[in-house]
Amino acid sequence: MNTKHIILLACAVLLGATQANAQGQDLSILTANPDARTAAMGNASAAVEGMYLYNNPAAIFASDKKFTADASASLFEKVEGADGTFGIYAATAGYKFAKRHAAFVGFRYVGGLSLKGYDISGNPTKDYKPYNWTLDLGYTYLFGTGFAAYATGSLIYSHLSKNAVGGAFNVGASYLNNELTLANKPACLILDAKVGAIGPKLDYGNMHKATLPTHVAVGGALSVDVAEKHQVAAALSTRYFFQPSEAKLFMLGGGLEYTYNKMVSVRAGYEYGDHDLSHITMGVGFKYHGLRLNGAYNLKTADAGSSYCTIGIGYDF
């Protein structure tokens, strides 16, 4: 098996676990949602609370906290033809300063699978363990009228049978209003739009290059305090991947959340995706002072998809 074939096989298994390979989307580490709360709400990332860097950095201004830190793990069902368990792991921290500024840092890793290697005669060789990681930075600025703009950048390291190093960035804008009233009830509205995963192809050598999954995303979230100890929230977002040009993809997700006493939450939603990428989503959450614990399960709706669970922990102060 030559190097090019090994690279393609590694791509198919590593990225196929998140169903990226089904539509030709390489480097899904740049688009997979690591946030357990929004994963349970149809992956509607505009509803983010924590994991701001990887969803909507400007949403931090909807919180009265200055510092936030989160970690999460997403574990996928068994991949046919590979040993091990595929996982997506992320950690991020953010700090809000001078009232209108916030900065973020984060790290993501995907991997956990082992592929059997064979030479051109079909004899076993060494195993291959593909993985990707990113080191990420972000900054957002609040203009003072509820509007905010942000930019994030990523250093990408991708290991298949060969290595590739590159970069990508996102730019976006949001509108936040936490002083709304709806039917005389306090409400908070967040709207978000961005262009993500912008950057040059990653070059693995031997004529194999991976195009970044460049996309546009638009979404919104609305939460309402319907009674003293009862809050409901709804979120909706859509993403359209226009790169690679031969593998365009449309995704739409939405969900609902009910929270009792600002402490216990239950969530449900649905995510539609082309090429059998749809999921029914559900999850729960617990919040005590600054501590946040969330869990989500995304159930595939087609045999070609993948079911997975996400757990997350965060702290704000």
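This briefing walks through the salt bridges and aromatic pairs in the structure above. Keep in mind that the model is predicted. A search of the whole structure turns up eight salt bridges, and the count of aromatic pairs comes to 13. Below are some of them, with where their residues sit along the chain.

**The network around Glu 257**

- Let's start with a trio: Arg 37, Glu 257 and Arg 267 are linked in a network of salt bridges.
- One link in it joins Arg 37 to Glu 257, with 2.9 Å between the closest N and O atoms.
- Another link pairs Arg 267 with Glu 257, and here the closest N and O atoms are 2.6 Å apart.
- Arg 267 comes from strand S13 (residues 264-273), while Glu 257 is in strand S12, and the two residues are 10 residues apart.

**The Glu 77 and Lys 300 pair**

- Glu 77 forms a salt bridge with Lys 300, and their closest N and O atoms are 3.1 Å apart.
- This pair links distant parts of the chain: Glu 77 is in the loop between strand S1 (67-76) and strand S2 (83-97), whereas Lys 300 is in strand S15 (residues 291-300), 223 residues apart.
- Glu 77 has a relative accessibility of 30%, so it counts as partly exposed.
- Lys 300 is partly exposed as well, because its relative accessible area is 27%, and the buried class is kept for values under 20%.

**Aromatic rings**

- A pair of aromatic rings is described by how far apart the centres are and by the angle of the planes.
- Take Phe 76 and Phe 86: their rings are 5.2 Å apart centre to centre, with 75° between the planes, which makes an edge-to-face pair.
- Phe 76 sits in strand S1 and Phe 86 in strand S2, so the pair ties together parts that are 10 residues apart in sequence.
- Phe 76 and Phe 86 are both buried.
- There is also a group of rings to look for: Tyr 89, Phe 107, Tyr 109, Tyr 131, Trp 133 and Tyr 157 form one aromatic cluster.

Note on methods:
Residues numbered from 1 in each chain as written. Predicted model: local features only at pLDDT ≥ 70, side-chain atom pairs only at ≥ 80, totals over all residues. Heavy atoms only, no water. Salt bridge = Lys/Arg side-chain N within 4 Å of Asp/Glu carboxyl O. Helix = DSSP H or I, 4+ residues; strand = E, 2+ residues; numbered from the N terminus. Buried < 20%, exposed > 50% of the residue type's maximum accessible area, 1.4 Å probe, protein only. Phe/Tyr/Trp six-rings, centres within 6.5 Å; stacked < 30°, edge-to-face > 60°.
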